[in-house]
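Dear colleague,

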2 protein chains.
Amino acid sequence: MVRIGVVLSGCGFLDGAEIYESTLTLFFLDQAGADVTIMAPNITQHHVMNHLTQEVTEESRNVLVESARLARGKIKDLATIQADDLDGLIMPGGFGAAKNLSTIAFDGSKGAINSDLADLIQALHQAKKPIGAICIAPAVLSKALADRGITLTIGNDSDTANAIQTMGNKHQESSADNIVVDENNRIVSTAAYMCAASIGEAGSGIEKLVNRIVAMAEKS
Amino acid sequence: MVRIGVVLSGCGFLDGAEIYESTLTLFFLDQAGADVTIMAPNITQHHVMNHLTQEVTEESRNVLVESARLARGKIKDLATIQADDLDGLIMPGGFGAAKNLSTIAFDGSKGAINSDLADLIQALHQAKKPIGAICIAPAVLSKALADRGITLTIGNDSDTANAIQTMGNKHQESSADNIVVDENNRIVSTAAYMCAASIGEAGSGIEKLVNRIVAMAEKS
């Protein structure tokens with residue numbers, strides 16, 4: 001059984017992890033027979049957004065606590081996870097990846113990244129363990145692995161594609177139902193809700209990503 | 001294209017809609033080519049639970065606003081939906097169904113049910129449109145259609161099964177990867193996280209339920 005980590009960033013696409021991407025990642029990991037560890041940082045969300053009105057609210061919520069909704073309570077503090085605990089990692093998207101796991105939503109290619117996440121990603125990459133990134137998460141991965149020349153997709157959004165290139169990596173256009181695989185660097189990405197028109201389209205890319213990450217992890 | 005409504009009750013299994021059940025319902029409805037309307041009541045949640053500690057918090061959240069997270073903002077107030085707008089209805093589970101859509105979590109078979117939901121269910125049933133219920137939602141459906149002799153499953157929980165029978169309906173045991181179909185009453189139910197050991201097991205039953213509801217709605 002390969003051990004795959006899933007990094008969440010809250011619960012809801014405007015201020016946390018994209019719910020469909022996270023759930024479908026967990027569903028296809030289960031189908032693939034993976035041993036899954038869900039994790040999130042124990043930090044306050046950048047902000048809380050009302051998903052009906054798309055307005056920022058006065059509330060304060062914690063990323064680990066809200067991510068626990070998406071994990072049915074079975075979640076670990078990201079800071080406690082080491083590369084040795086995992087055979088691979090998958091990062092679903094949602095604005096939480098760009099607002100809570102990093103500041104890429106506000107600062108683009110100059111954004112900061114959560115240091116525990118950066119450490120985990122760099123250690124996994126060093127150990128040649130596969131990493132998958134969905135939706136906007138490839139931009140976060142690009143920050144953690146800046147100047148490595150890794151190839152990623154975020155679909156066809158030119159601003160984010162340019163930010164990835166400014167970080168010293170490569171962008172490849174792709175549709176949401178497909179994946180981009182960087183075999184040498186053992187990195188897989190899919191655009192999902194960066195450009196998906198439906199949950200099925202996002203799910204198609206996520207299923208391919210999950211299966212490829214599990215296959216790569218099995219060969220490690 | 002058949003028009004299927006999905007009734008949510010918040011976002012998170014302890015105080016709202018079960019996230020995996022809701023997402024997989026929407027995923028399989030998309031795969032089946034249905035035209036989906038997501039809805040929730042515009043009411044305050046019974047309470048908010050911290051999903052990491054399983055403790056009740058001091059917060060207050062709105063069912064429609066939190067359900068909007070699960071709908072990516074595309075959601076309607078349940079009170080505005082009529083039976084004529086739909087060819088069928090599916091109710092995912094989670095404690096929200098038993099705490100926000102009804103008081104069944106506290107009052108069992110004597111529990112009350114949201115009157116807009118009861119009206120919608122009764123009008124759909126009267127019009128012979130199919131209704132699907134997942135996890136604990138069959139108990140809510142049993143309340144809305146009390147004394148009709150409909151057959152439902154909530155898996156194998158004897159207290160809830162007894163409550164369904166006390167409401168004048170029938171309970172049939174089932175595993176989470178399967179469905180119980182009441183052809184005459186056009187009702188389909190699946191136990192999901194009432195007894196599922198994994199997201200895949202719940203998903204298997206939900207996929208069957210969605211496909212059966214869509215097939216029944218197409219024949220209407």
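This is a predicted model: local features need pLDDT of at least 70, side-chain atom pairs count only at pLDDT 80 or more; totals for chains, interfaces and linings use all residues.

Chain A can be laid on chain B with an RMSD of 0.0 Å by a turn of 180 degrees, with a shift of 0.0 Å along the axis, which is the relation of a two-fold axis. In chain A, the C-alpha nearest that axis belongs to A:Thr23, and it lies 3.5 Å away. Of the interface residues of chain A, 100% are also interface residues in chain B, so the copies meet through the same surface.

A search of the whole structure finds one cavity of 30 Å³ or more, and the volume of the largest cavity is about 50 Å³. Its lining includes A:Cys11, A:Arg61 and A:Glu66 as well as B:Cys11, B:Arg61 and B:Glu66, and the elements that give two or more residues to it are helix H2 (63-70) of chain A and helix H2 (63-70) of chain B. By class, that lining has seven charged residues, two nonpolar and one polar.

Helix H7 of chain A, residues 158-166, has as its buried residues A:Thr160, A:Ala161, A:Ala163 and A:Ile164. These cover an arc of only 155 degrees around the axis, which means that they are on the same side of H7(A), whereas A:Asp159 and A:Thr166 are exposed on the other side. The buried residues pack against helix H6 (137-144), strand E8 (151-152) and strand E9 (170-171) of chain A. After H7(A) comes A:Gly168, with a positive phi near 85 degrees.

With best wishes

Methods
Residues are numbered from 1 along each chain as its sequence is written. Chains are lettered from A and ligands numbered from 1 in the order in which they are written. Side-chain values use heavy atoms; hydrogens and water are left out. Buried means under 20% relative accessible area, exposed over 50%, partly exposed in between (1.4 Å probe, protein chains only). Helices (H or I, at least four residues) and strands (E, at least two) are DSSP runs, numbered from the N terminus. The arc is that of the directions from the helix axis to the C-beta atoms. Contact means heavy atoms within 4.5 Å. Copies are superposed by least squares on the C-alpha atoms of residues with pLDDT of at least 70 in both. On a 1 Å grid over the protein atoms alone, a cavity is a set of points where a 1.4 Å probe fits but cannot get out, and a pocket is an open set with protein on both sides within 12 Å along at least five of seven lines; lining residues have an atom within 4 Å of a point. Grid points are joined across faces, edges and corners, and a volume is the space filled by probe spheres set on the points. Ala, Val, Leu, Ile, Met, Phe, Trp, Tyr, Cys and Pro count as nonpolar, Asp, Glu, Lys and Arg as charged, and the others, Gly among them, as polar.
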